[in-house]
Amino acid sequence: MKQIIILYLFCLSIIYSKEQIFYNVKFKNMNAGSAILETKKDFNQDIIELQFSMKTKKLIDVFYKLRDQINAFIDIDNQSLKSIKKISEQGKYKKTDEAKFDYQNNIMIFNNRTLEINKPVYDPLSIITYLRNQKLNIGQKFSFDTYSSGEIKGINLEVIKEESVKIKNQEYHCFVIGHTLHNQSEITLWIDQGEKQLPIIIETKGKNGSIILKYKSHKTINES
């Protein structure tokens, strides 16, 4: 009983935690670069900050430079977006995308424009965070309103199957989440069935081909 009380008090004392997940990036079947997904939980403010950065190697930059920097604040309970800023660079194309979401007044503010919203809004990062907090089962379906470049559209995902993934002699037993018809899915996820439910593979489809993130390592820091 004493050990349980001590553990409980320890959990209460944690007001801030940070997780970093490191990935290798593949683009057009090439080992193209690296990425980091960082999750910061602030239990005092009931928010989660997500930071994502991805960049190609210098050798790849010669042919096709790719940079992504995303900073988002999401609700700690349902993981919907509160605000997001994305700086994206693909080849010679560079774009900054920023939006804020006010659910009390049912509005989204984008480029000084106010647009009406009537549901919680997500992006791929907040969807990943949401799914990691669910008890997943084969056949389970999810629907999200997703934000991108000032527009909101619906996306439907399903826990399609279980699949074992081997990365550097380490095997991960994953749930595969996407569409039943794989080639129609804008995002496909392989989420480990372990306690942390780590996203082992993240595959997204773009205009110039699929980008695949493969798990490399992770670390967690708790502060009180």
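1. Among contacts between residues at least 6 apart in sequence, what percentage join residues at least 24 apart? In this predicted model, the figure is 40%.

2. Overall make-up. The protein has 3 helices and 15 strands. Of its 224 residues, 40% count as buried. The accessible surface is about 13600 Å², with 49% of that belonging to carbon and sulfur atoms.

3. Core. The largest nonpolar core holds 55 residues. Phe101, Tyr147, Ile200 and Leu213 have the most contacts inside it. Beyond its neighbours within four places in sequence, Tyr147 contacts residues including Leu81, Ile84, Phe101, Met108, Phe110, Val121 and Ile152. Asp97, Glu98 and Asp123 are also among the contacts of Tyr147.

4. Aromatic pairs. The count is 9. Phe101 and Tyr103 are stacked, because their ring centres lie 6.5 Å apart and their planes meet at 15°, under the 30 degrees cut-off. Tyr122 and Tyr130 form an edge-to-face pair, with 6.1 Å centre to centre and 75° between the planes. Phe101, Tyr103, Phe110 and Tyr147 make up one aromatic cluster.

5. Phe101 has a relative accessible area of 8% and is buried. Tyr103, its stacked partner, is partly exposed at 27%. Tyr122 is buried, at 7% relative accessibility. Tyr122 is also one of the residues in contact with Tyr147.

6. Strand β15. This strand covers residues 209-223 and includes Lys216. Which residues does Lys216 touch, not counting those up to four places away in sequence? They are Phe22, Tyr23 and Asn24. Lys216 and Ile167 are 49 residues apart in sequence, with 8.2 Å from C-alpha to C-alpha.

How values were computed: Residues numbered from 1 in each chain as written. Predicted model: local features only at pLDDT ≥ 70, side-chain atom pairs only at ≥ 80, totals over all residues. Heavy atoms only, no water. Core = buried A, V, L, I, M, F, W, Y, C linked by side-chain atoms within 4.5 Å. Buried < 20%, exposed > 50% of the residue type's maximum accessible area, 1.4 Å probe, protein only. Contact = heavy atoms within 4.5 Å. Helix = DSSP H or I, 4+ residues; strand = E, 2+ residues; numbered from the N terminus. Areas by Shrake-Rupley, 256 points an atom, 1.4 Å probe, with all protein chains shown as cover. Phe/Tyr/Trp six-rings, centres within 6.5 Å; stacked < 30°, edge-to-face > 60°.
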